[in-house]
Amino acid sequence: MLHSNAKNRLDRLPISRFHKITLVAVAFAYFFEFADINSFAVTAPRLIKLWGVTVNQVAYVTSLSFVCMFLGSVVASWMADRWGRRTALNLTTVFFSVFSLASAFSWDIVSLGVFRALTSTGLSAMTVVAVIYVSELFPSALRGKFQAYAIVIGICGTPVTNFVASALVPINDWSWRFVYVWGALGIVYLFFARRLKESPRWYESRGEHAKADAILTELETQIAAEKGPLPLPAPPTDPPVLKKAPLRILFQRKYLLPTLLLTVLWVTQTIGFFGYSSWAPTLLAKEGFSVEKSVFYVALSTAGAPLGSYIAALVTDRFERKWCLVAFGAIIAVCGLLYGLTFNPVLIIVFGFLVNLFERGYTALGYAYSPELFDTHGRSLGTGVSYGLGRLSNAVGPLVIAGLYNGSGYKSVFFFIAGTWLFGAVVLAVFGPRTKQTGLTLARSKDPVSA
């Protein structure tokens, strides 16, 4: 078999039970990724009081975590290409769950920092693989919507965890540890893992067309029995790719330009959002709010996150994703700045709610947009490297924020965060390609956006 025609065979499949099971499995992994990613932020105010942790130490732990997120993203792209999307998703989810549990047994800020760094490695790796996995299995005309639906379910992990933390952290001097036990429950994902299929496009990219065809035939048989006769797929037009993608291909123009653009997208998103979410509880506590109130205010504001992802699901396949990202980024800049300019509890919650709403929508749109800029040959590598560089940028972000806070005060932090979001929106508006309803291709086409 010279070509299994995975792209066209998958694109003409109606949404079925298989797609829904895949969506739930990925969403479950996302849920505990989002549950775990802010664990340190919501426990840091308590550790400041218990262990005498300083703002600078919080910055160092946060920075180290983002360095490890970069490493996790790059390693994930290699794992996904070498061992497959499904296997990589399983391994990375188990990895972050195990080290989240280990965080619950840390004995000082150094041990907790190490465990959080390793957890962050797995969190970022899992995200990269999940984004690629969904983009390759769902029909191109609907993949943005279902990428967002996965985030809608998954993002509930953030407010749920914050409410869990607001209840647990104040109980006594050791109850904060249960926040990390909660994050470790992502390992239950393995219950779904056996029902997932490997990406036929991955097999096809390796020249294993018989394996790709076997999975496609199995899916077609199941879905035809469920939905009725399927339309014939379009004939293959892309020549097969039979060699691995070395890192140097990202310096080719057709890969370099989208990699640079996505790096800007993820750098501004990372500094802009994590600068806000990772620091809000600590800064509120430093400005005189009690630990209980600061964590509770943040928990209330994150309730907007699932709604934001749902809004993204409604707009992502109806409007051009580039312009949705630009609009969401600009709104976040304004709301984030207003959040930092008020000390009224009601307005803190309102503007925090809006920041979380539009940022989670922005992230869902970004997850759909990123893999569309690459063909199968460079998708895993380009997505992983750009996403990883975004996370790496926040190794510097927390140190900048700590410096601004110590040198210029609370409000300067939020001017910086708003400026970061605005810069990202402008770059996307000027240089971002349009991708609405384009297909994900196997071949190394002249235009990466057509991929």
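I'm working on a predicted model, where local features need pLDDT of at least 70, side-chain atom pairs count only at pLDDT 80 or more, and totals for chains, interfaces and linings use all residues. Residues are numbered from 1 along each chain as its sequence is written, and side-chain values use heavy atoms, with hydrogens and water left out.

**Helix pair.** I looked up helix 2 (residues 17–37) and helix 6 (residues 109–137), whose axes come within 10 Å and cross at roughly 155°. Axes are lines fitted to C-alpha atoms over the stretch in contact, with angles from 0 to 180 degrees between N-to-C directions. Helices are DSSP runs (H or I, at least four residues), numbered from the N terminus. The two helices are therefore roughly antiparallel (an angle over 145 degrees).

Next I listed who touches whom, contact meaning heavy atoms within 4.5 Å.

**Cores.** Which residues touch the most other members of the largest nonpolar core? I found Tyr 30 and Leu 89, out of 95 residues. Such a core is a set of buried Ala, Val, Leu, Ile, Met, Phe, Trp, Tyr and Cys residues joined through side-chain atoms within 4.5 Å; buried means under 20% relative accessible area (1.4 Å probe, protein chains only). Leu 89 touches Val 26, Met 126, Ala 130 and Tyr 133, among others, not counting residues up to four places away in sequence.

**Gly 144.** I placed Gly 144 in helix 7 (residues 143–155). At 0% relative accessibility, Gly 144 counts as buried. Leu 314 is 170 residues from Gly 144 in sequence, but 9.5 Å away in space, C-alpha to C-alpha.

Note on methods. Angles under 35 degrees count as roughly parallel, over 145 as roughly antiparallel, 65 to 115 as roughly perpendicular and the rest as oblique. Buried means under 20% relative accessible area, exposed over 50%, partly exposed in between (1.4 Å probe, protein chains only).
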